[in-house]
Amino acid sequence: LSPGSLTFGSVLLGKTSTAQDITVSNTGSNAATISNIAVVGDFAITANTCGTSLAGQSGCTLSIAFKPVNSGTSYGSLTVTDSAGTQTAQLSGTGQSPATDTVSPTSLTFATQQIGTTSAAQAVTLTNTGDQSLTQIQVVVTGVFTVVNNCGASLSGHASCSMDVSYVPTKIGAESGTLTVTDVIGSHTVTLAGTGEAGPSVTLAPSPLNFGGYG
């Protein structure tokens with residue numbers, strides 16, 4: 001068998017890799033009878049030109065594909081049994097689950113804040129529980145709120161990152177806005193709310209002052 005092993009790299013769960021070929025060669029002068037061809041593991045034979053007999057000084061081709069069902073590295077083998085014996089090729093590949101995007105919490109409420117000042121930040125967390133990286137991350141905020149995006153444009157598999165949101169009130173009373181997180185999978189919206197209050201003021205009393213007559 002040539003080559004004696006195949007490595008398929010990373011393939012998404014539920015998907016099928018591009019096939020790779022193994023050549024079965026009869027280097028002798030007599031024909032060989034092929035009695036069995038089998039694969040073990042998350043692999044499949046997608047094409048077979050071998051038949052049941054292989055003439056001397058000739059070859060045939062077996063095409064093998066990887067179909068992962070679990071995350072992580074998978075191992076298997078291809079076995080060809082014929083009148084000359086049993087030949088085995090080792091097979092390996094890595095299954096990967098797709099990226100996920102979970103945003104938590106789905107709403108933020110800020111304590112009463114003085115107009116024109118910035119509140120303490122509250123965090124919104126983006127989590128990717130998949131094996132693949134989550135890409136094309138964009139963060140947009142509306143209303144009288146600001147955001148610091150600590151995630152960047154990509155988040156590795158099995159990782160989390162935060163977006164720090166602050167409230168900067170511009171008026172007395174309730175104010176609202178949204179934080180929208182968009183990525184290659186879709187988008188999530190977090191509702192934002194806060195209440196503005198007037199700052200401290202100084203007054204003089206009484207006004208005016210009347211000192212009466214003075215002589």
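Mentor: Some terms come before the sheets: strands (E, at least two residues) are DSSP runs, numbered from the N terminus, and two strands pair if DSSP finds at least two bridges between them. This is a predicted model, in which local features need pLDDT of at least 70, side-chain atom pairs count only at pLDDT 80 or more, and totals for chains, interfaces and linings use all residues. Residues are numbered from 1 along each chain as its sequence is written, and side-chain values use heavy atoms, with hydrogens and water left out.

Trainee: Which residue in β7 stands opposite V40?

Mentor: β3 and β7 pair in the antiparallel sense, over 6 bridges. The residue in β7 opposite V40 is S77.

Trainee: Is S74 buried or exposed?

Mentor: S74 lies in strand β7 (residues 72-82). Buried means under 20% relative accessible area, exposed over 50% and partly exposed in between, with a 1.4 Å probe and protein chains only. Because its relative accessible area is 11%, S74 is buried.

Trainee: With which side chain does the side chain of S74 make a polar contact?

Mentor: Contact means heavy atoms within 4.5 Å; leaving aside neighbours within four places in sequence, S74 is in contact with D42, F43, F66, L91, S92 and G93. A polar contact is a pair of N or O atoms within 3.5 Å; within protein, one must be able to donate a hydrogen and the other to accept it, and residues adjacent in sequence count only if both atoms are side-chain atoms. At 3.4 Å, the partner is the side chain of D42.

Trainee: In β15, which residue is the bridge partner of V124?

Mentor: An open sheet of 4 strands has the order β9-β12-β15-β14, with antiparallel pairing. Within it, 7 bridges join β12 (residues 122-128) to β15 (residues 159-167). The partner of V124 is M163.
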